[in-house]
Amino acid sequence: MPPIQLNANMVAEDTFLKPVEGENGTMLILLLVLLGFIFAPAFIPALLILLLLYWQCHREPRKRYEESKYFAETHNEYRKVHSDKGAYGEYLTWGYLQNLPGYKKFLHNCYLPKDNGHRTYLTVPYRGK
């Protein structure tokens, strides 16, 4: 039996030797899945520990905020106060004024009439003796 002669045209037309479109992406996905199976036992507990630490760090300030007089007076949510610059500034102002000695009274978000018939807005009016 004579040997089979291959030329370049025959090799390029062979479907088994043609690269599949997106083969590199498929190989990358397979590699990532394989690495995921190898490192998942260590990654999942580490991720859970990080999530618990994040939760623990944010739980105590939230609890302190929700037990404060400011929360009782305004009922502003913790997330709103810490994400809105205006609400956070009002909270910080209240905190500084709260530390002043003596009697004090706070009225949050008040509209006061002006002489020209318009109104003015005060965030934290303070009255102390």
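Residues are numbered from 1 along each chain as its sequence is written, and side-chain values use heavy atoms, without hydrogens or water. Because the model is predicted, local features need pLDDT of at least 70 and side-chain atom pairs count only at pLDDT 80 or more, while totals for chains, interfaces and linings use all residues.

**Overall fold**

The protein has five helices and four strands. Helices (H or I, at least four residues) and strands (E, at least two) are DSSP runs, numbered from the N terminus. Along the sequence the pattern reads α-α-α-α-α-β-β-β-β. Of the 129 residues, 12% count as buried. Buried means under 20% relative accessible area, exposed over 50%, and partly exposed in between, with a 1.4 Å probe and protein chains only.

**The largest pocket**

Rolling a probe the size of a water molecule over the atoms shows where empty space is left. A pocket is an open set of points on a 1 Å grid over the protein atoms alone, where a 1.4 Å probe fits, with protein on both sides within 12 Å along at least five of seven lines. Lining residues have an atom within 4 Å of a point. The largest pocket has a volume of about 200 Å³; a volume is the space filled by probe spheres set on the points, which are joined across faces, edges and corners.

Its lining is Tyr54, Trp55, His58, Arg59, Arg62, Tyr78, Arg79 and His82. The largest share, five residues, comes from α2. By class, the lining has three nonpolar, two polar and three charged residues. Here Ala, Val, Leu, Ile, Met, Phe, Trp, Tyr, Cys and Pro count as nonpolar, Asp, Glu, Lys and Arg as charged, and the others, Gly among them, as polar.

**Aromatic rings**

The whole structure holds seven aromatic pairs. The ring centres of Tyr65 and Tyr70 are 6.2 Å apart and their planes meet at 55 degrees, so this pair is tilted. Rings of Phe, Tyr and Trp (its six-membered ring) pair if their centres lie within 6.5 Å; planes under 30 degrees apart are stacked, over 60 edge-to-face, and the rest tilted.

| Residue | Relative accessible area | State |
|---|---|---|
| Tyr65 | 1% | buried |
| Tyr70 | 0% | buried |
| His75 | 58% | exposed |

**Backbone details**

His75 lies in the loop between α3 (69–74) and α4. Its phi is near 60 degrees, a positive value in a residue other than glycine. Most residues other than glycine have a negative phi.

Strands β2 and β3 form a hairpin with five residues between them, and Gly117 in the turn has a positive phi of about 95 degrees.

Terms used:
Pairing = 2+ DSSP bridges.
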